[in-house]
Amino acid sequence: MNVILCGYNWTGCKALKMLLEEGHNVFVYTHESPYFIPSLANYCRDLGIPFTTNDISKSEIPFIPDIICSIYYRYIIKEHVINMCKGRIFNLHPSLLPAYKGCGSVTWAIINGETTCGFSYHYINSGIDTGRIILQKEVEIEDFDFQSTLYTRVMFTAMNYFKEALKLVANGFQGIEQEGTSSYYKRGSPFNGIIDDNWNEALRKRFIRAMINPPYPVATFRNNEVRSYNDLEDLNKK
């Protein structure tokens, strides 16, 4: 098949590897990466795969794709691109949709005290994470999870199902309408990364864990960085 991969980070690299293993003709849309994020652009260079860092919705598409895959792509894909592949375009989202649409789904799941989260492969439509579900799997949230560990586990598990999702789309599976309570979180650090004096102990502990994702900023309390609950207790003694 002719496949366009819109990807980023190690998951984008893994998706490209899987597509090539199955013999597909692939063009990649990606982003430049800081030093601490595996570069899909460099991986394409190493493999000789054509790619661009331009926004797919503002670009001239190199061929009519059979399928478009979005794996950690950071631009909104516009309707004219969706129509180009007759709706055979899907995305990986790290939540059990329709819960936790938007950004920071794993972070917010920890903050909100959820016991499980998960991932959804879903069709892309003109909404934000509103398309029909291709497949979903649940992942347990451990009491010791940081944002970094939980997100890695969710995405690692999700990539084990990438080929299955691709096959379902290729075979014409129409997906299932999203059901359940919907929620949405916008891009940006929850509560600006600041621990509130009025929060109870349980919420403070969850928030600290949810903000640990090196090298990004950790939580703060009264303008001091907080990397653990012990740090917070020490600040309260001052």
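Select Thr52 and show what surrounds it: leaving aside neighbours within four places in sequence, Thr52 is in contact (heavy atoms within 4.5 Å) with Phe27, Val28, Tyr29 and Thr30. Thr52 sits in strand β3; helices (H or I, at least four residues) and strands (E, at least two) are DSSP runs, numbered from the N terminus. Is Thr52 buried or exposed? It counts as buried because its relative accessibility is 16%, where buried means under 20% relative accessible area, exposed over 50% and partly exposed in between, with a 1.4 Å probe and protein chains only. Its side chain also reaches the backbone nitrogen of Asn54 at 3.1 Å.

A word on the model before moving on: it is predicted, so local features need pLDDT of at least 70 and side-chain atom pairs count only at pLDDT 80 or more, while totals for chains, interfaces and linings use all residues. Residues are numbered from 1 along each chain as its sequence is written, and side-chain values use heavy atoms, with hydrogens and water left out.

Now colour the strands. You'll find an open sheet of seven, in the order β3-β2-β1-β4-β5-β7-β8, with mixed pairing; two strands pair if DSSP finds at least two bridges between them. The edge strands, each pairing on one side only, are β3 (51-52) and β8 (133-140).

Next, pick Val3. On one strand, β2, Val3 stands opposite Val26; in β4, its bridge partner is Ile67. Strand β1 (residues 2-7) runs parallel to β4 (residues 67-71), joined by five bridges, and β1 and β2 also pair in the parallel sense over five bridges. Four of the five residues of β2 are buried, so β2 is largely enclosed by the rest of the structure.

Bring in the helices. Which strands does α5 lie across? They are β4, β5 (89-93), β7 (116-123) and β8, and α5 runs at about 40° to β7. Angles run from 0 to 180 degrees between N-to-C directions, and axes are lines fitted to C-alpha atoms, for helices over the stretch in contact.

Select α1 together with α5: they pack at an angle of about 10°, with their axes 11 Å apart. The two are therefore roughly parallel to each other, since angles under 35 degrees count as roughly parallel, over 145 as roughly antiparallel, 65 to 115 as roughly perpendicular and the rest as oblique. Show side chains to see Trp10, Thr11, Lys14, Ala15 and Met18 in α1 meet Thr152, Met155, Phe156 and Met159 in α5.

Time for the inside. A nonpolar core here is a set of buried Ala, Val, Leu, Ile, Met, Phe, Trp, Tyr and Cys residues joined through side-chain atoms within 4.5 Å. The largest has 56 residues, and those with the most contacts inside it are Leu5, Phe90, Tyr121, Phe162 and Ile195. Helix α5 (residues 147-159) gives the most to this core, with six residues. Another core, of 15 residues, lies apart from it and includes Ile4, Phe63, Cys85 and Ile124.

Move to α7 (residues 201-210), whose buried residues are Leu203, Arg204, Phe207, Ile208, Arg209 and Ala210. Hide things one by one to see what covers them, including α4 (105-111), α5 and α8 (229-237).

Last stop: Gly127, in the loop between β7 and β8. Gly127 counts as partly exposed because its relative accessibility is 31%. Draw a distance from its C-alpha atom to that of Asp143, 16 residues apart along the chain, and you'll get 33 Å.

Terms used
Polar contact = N/O pair within 3.5 Å; in protein donor to acceptor, adjacent residues only side chain to side chain.
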